[in-house]
Amino acid sequence: MSNEDITLTAGDAEVTVQPGNGGRIGGLRVGGTELLRQGERFGCFPMVPWCGRIRDGRFRDGATVHQMPLNSPPHAIHGTVRDGVWRTARATADEAVITYDLVDPWPWSGRVTQVVGLTGDSLTLTMSVETYETSFPAQIGWHPWFNRNLGGEGVRVEFDAAWQEERGEDHLPTGHRVDPKPGPWDDCFGMPGGVDVTLTWPGQLELKVASREQWMVVYDEQEAAVCVEPQTGPPDGLNSHPRLVTPIDPLEATTTWTWRRI
């Protein structure tokens, strides 16, 4: 099937899925109000096969060191699939399934599948990484850019994390966990009970970001948008918390955004 944009609708909600632009969610409109920052590199893009930065773009798999392109020098950032063209496997009025086959510079073959499901008050994103050949480490995550302002007061971001990954001068976790600190953030937090974050645009909308995963990055050091990023491991996780994808054990993760008017 084609890689043209897909529009999903349910109730007064509308989602644009962009297979041809890195498999990202290009827009989420509720009652005609756009919640995601617009632009070719914004919306909400998938982070696969790693999340955030890899220190110096290098990670080890056994005795082999692999080098990824330094697309955020001196590091590699946010995986490779957001730069690729996905294919549409299936689309209905309120659900789309898109796929991407991993290619160079990623050194292994594998398939990424993303299922986008919309209801009148929620959006569910489920992503999996499969291999039919060699096992490899991988991560899954999402990088949404929520508009800071919907026309009224700026958004409030609230969550209760068990810890914050101490951030070094290179923006990567040092390996030490500290008590959560007040923002602004470009930081990774641990939530062992699962990601649970509430974004509130006062007098307008409340949106909850939830996931069974225990890691998230919050980035709000930017004027136009805030990012709440559920992921299966911390930044540089291919080195610090590798999760192996095998032919009998794919990696899968889900995040659900639920909203209500206030």
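This is a predicted model: local features need pLDDT of at least 70, side-chain atom pairs count only at pLDDT 80 or more; totals for chains, interfaces and linings use all residues.

Leaving aside residues up to four places away in sequence, Trp257 touches Leu28, Leu36, Cys44, Asp121, Ser122, Leu123, Leu125, Pro144, Phe146, Leu207, Lys208 and Val209.

**Nonpolar cores**
- The largest nonpolar core has 62 residues, and within this core Leu199 and Trp257 touch the most other members.
- Another core, of seven residues, lies apart from the largest one, and its members include Phe42, Phe45, Met47 and Cys227.
- As background, nonpolar side chains tend to be buried together in soluble globular proteins.

**Overall build**
- The protein chain contains one helix and 26 strands.
- A compact globule of 262 residues would have a radius of gyration near 18 Å, and the protein chain agrees with this because its own value is 18 Å.
- Along the principal axes, the C-alpha atoms fill a box of roughly 55 × 45 × 30 Å.
- Of the 262 residues, 55% count as buried.
- Among contacts with a separation of 6 or more, 62% are between residues 24 or more positions apart.
- The chain exposes about 11200 Å², of which carbon and sulfur atoms supply 46%.

**Cysteines**
- How many disulfides does the count come to? The count is zero.
- Cys51 is in no disulfide, and the nearest cysteine sulfur, in Cys188, is 9.5 Å away.
- Cys51 is also buried, with a relative accessible area of 0%.

**Backbone details**
- Most residues other than glycine have a negative phi, and most peptide bonds are trans.
- Val48 and Pro49 are joined by a cis peptide bond with omega about 0°, and Pro49 sits in the loop between strand E5 (44–47) and strand E6 (53–54).
- Another cis peptide bond joins Pro73 and Pro74, with omega about 10°; Pro74 is in the loop between strand E8 (64–67) and strand E9 (76–77).
- Asp56 has a positive phi, near 60°, in the loop between E6 and strand E7 (58–61), and is partly exposed, with a relative accessible area of 30%.
- Asp236 has a positive phi, near 60°, and its place is in the loop between strand E24 (225–231) and helix H1 (237–240).
- Is Asp236 buried or exposed? Asp236 is buried, with a relative accessible area of 8%.

Conventions: Residues are numbered from 1 along each chain as its sequence is written. Side-chain values use heavy atoms; hydrogens and water are left out. A disulfide is a pair of cysteine sulfur atoms within 2.5 Å. Buried means under 20% relative accessible area, exposed over 50%, partly exposed in between (1.4 Å probe, protein chains only). A nonpolar core is a set of buried Ala, Val, Leu, Ile, Met, Phe, Trp, Tyr and Cys residues joined through side-chain atoms within 4.5 Å. Contact means heavy atoms within 4.5 Å. Helices (H or I, at least four residues) and strands (E, at least two) are DSSP runs, numbered from the N terminus. The radius of gyration is taken over C-alpha atoms; the globule rule is 2.2 Å times the number of residues to the power 0.38. Accessible areas come from the Shrake-Rupley method with a 1.4 Å probe; for residues, only the protein chains shown count as cover.
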